[in-house]
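Colleague: Please show me the model, and let me ask about the terms one by one.

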Amino acid sequence: MIDLPALTRGPDCASDLQIDEWLGNELSPAERERIASHVDGCARCTKRHLELSEARAAFLEAAPLPRTSRPASRRLFPLGLAGTFAAAAALLLMLRPATTEAPGTRAKGTARTSFYVKRDERVHLGHASEPLRMGDQLRFAYSTPQPAYLAIISRDATGKRSLFYPSARRAERVEPGDQVLLPSSVTLDDAPGDEHVLSLFCDAPLDLTVLLEATTPFTAPPGCVAHELRLTKETRR
Amino acid sequence: MRSEIEALYRTHAHVVFRRALRILRSEAEAHEIVQDLFLGLFVRPEQLSGRGTVTSFFYAASTHACLNRLRDQRNRARLLRVHARPVDVGGAAAPDVLSSLRSALVRLPVPLAEVAVYAYFDELTQDEISVLLGCSRREVGRHLERLKDFCMREDVVR
């Protein structure tokens, strides 16, 4: 007899399919809201969402483009086959994400970031108003309905600016998705006061050098939409 | 055009890889499944024109591809022998229990094998499985009962 495994997912919990569709920005606004609300309050689903997000990030780090380890005759993107470009054009039409918002709804402006907090080996979805501590590790996730060039910059209470994402001083392209984990994390230092975090979703790969200079205003430059987070650091007694 | 295909790869290839790895227990085989699926899409993009989300398409396509690979006589013994020690890929059921069910996949009729993957590897709801299989929820329930009967009768592969 083969023992069928007991299911680990509760009746209200999100399935892997739903989480994958959420990460792929394929849920309707109502479904997205319902699942996000459940995940926020469910330890099992928060953990599973994190696992799937990390698996996505890890896969793309290891294989950012399709592998071409096969013989040339079986390369994934064969060259010199004009017909395949017509096929790719047809694919383009089918790749348009399902329209889940009413006509006339602004898609731009809904780009945002959220973050996970790791403290004492436990991870939870962070909230802007929760007191954070020195040593807390933060891992950011982004949501955007369309491709954009993303950068995350923080400014502490002393005015010092730090680049959280990406590692190079140029905004990096991200694909549409919901709650997509970024590959790196940051550790909060002991600088007192709050952190002002600015997530920039830009139309082009913005050079961040100027913005990181202390004298420029800490606002979104032209061609970028900003999402702001204020992180509160707990005052130690 | 190529950038659109690469965008699709960036948003969905991880789903294919993760599920293929869970079913086949081999990173090399899972990467080949990813390559095969995306090459197939490049040549025949009309595959995406069915109902459902792009994600659900990749769930169904990767399940078919993995089950076909398991059934390949040349690969089956190698996969089951070489990967007898489970690799923990996280998520649903404990690896050792999935191992015996995985061994049974090659002996199950096609709809039951698919249902086994969706119900026990992915832990999907019956409604979700009915969309992926293109059948009624009632039919999914009947498949699940047949699957349980099959598992009651079969011996664990050693």
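Colleague: Why is B:Val131 called partly exposed?

Modeller: Its relative accessible area is 46%. Buried means under 20% relative accessible area, exposed over 50%, and partly exposed in between, with a 1.4 Å probe and protein chains only. The 46% of B:Val131 falls in between, so B:Val131 is partly exposed. This is a predicted model, in which local features need pLDDT of at least 70 and side-chain atom pairs count only at pLDDT 80 or more, while totals for chains, interfaces and linings use all residues. Residues are numbered from 1 along each chain as its sequence is written, chains are lettered from A and ligands numbered from 1 in the order in which they are written, and side-chain values use heavy atoms, with hydrogens and water left out.

Colleague: Where does B:Val131 lie in chain B?

Modeller: B:Val131 belongs to helix H7, residues 126–133. Helices (H or I, at least four residues) and strands (E, at least two) are DSSP runs, numbered from the N terminus.

Colleague: What makes A:Cys202 and A:Cys224 a disulfide?

Modeller: A disulfide is a pair of cysteine sulfur atoms within 2.5 Å. The S to S distance of A:Cys202 and A:Cys224 is 2.0 Å, so the pair meets the rule. The count over all chains is one disulfide.

Colleague: Why is the disulfide of A:Cys202 and A:Cys224 called right-handed?

Modeller: The torsion about its S-S bond is about 105°, so it is right-handed.

Colleague: Are A:Cys202 and A:Cys224 buried or exposed?

Modeller: A:Cys202 has a relative accessible area of 3%, so A:Cys202 is buried. A:Cys224 is at 14%, so A:Cys224 counts as buried too.

Colleague: How do you know that A:Cys13 is in no disulfide?

Modeller: The nearest cysteine sulfur, that of A:Cys45, is 3.7 Å away. The rule asks for sulfur atoms within 2.5 Å, so A:Cys13 is left without a disulfide. A:Cys13 is buried, because its relative accessible area is 11%.

Colleague: What makes B:Cys66 buried?

Modeller: The relative accessible area of B:Cys66 is 0%, so B:Cys66 is buried.

Colleague: How many of the residues in chain A are buried?

Modeller: Buried residues make up 44% of the 237 residues in chain A. Chain A has five helices and ten strands.
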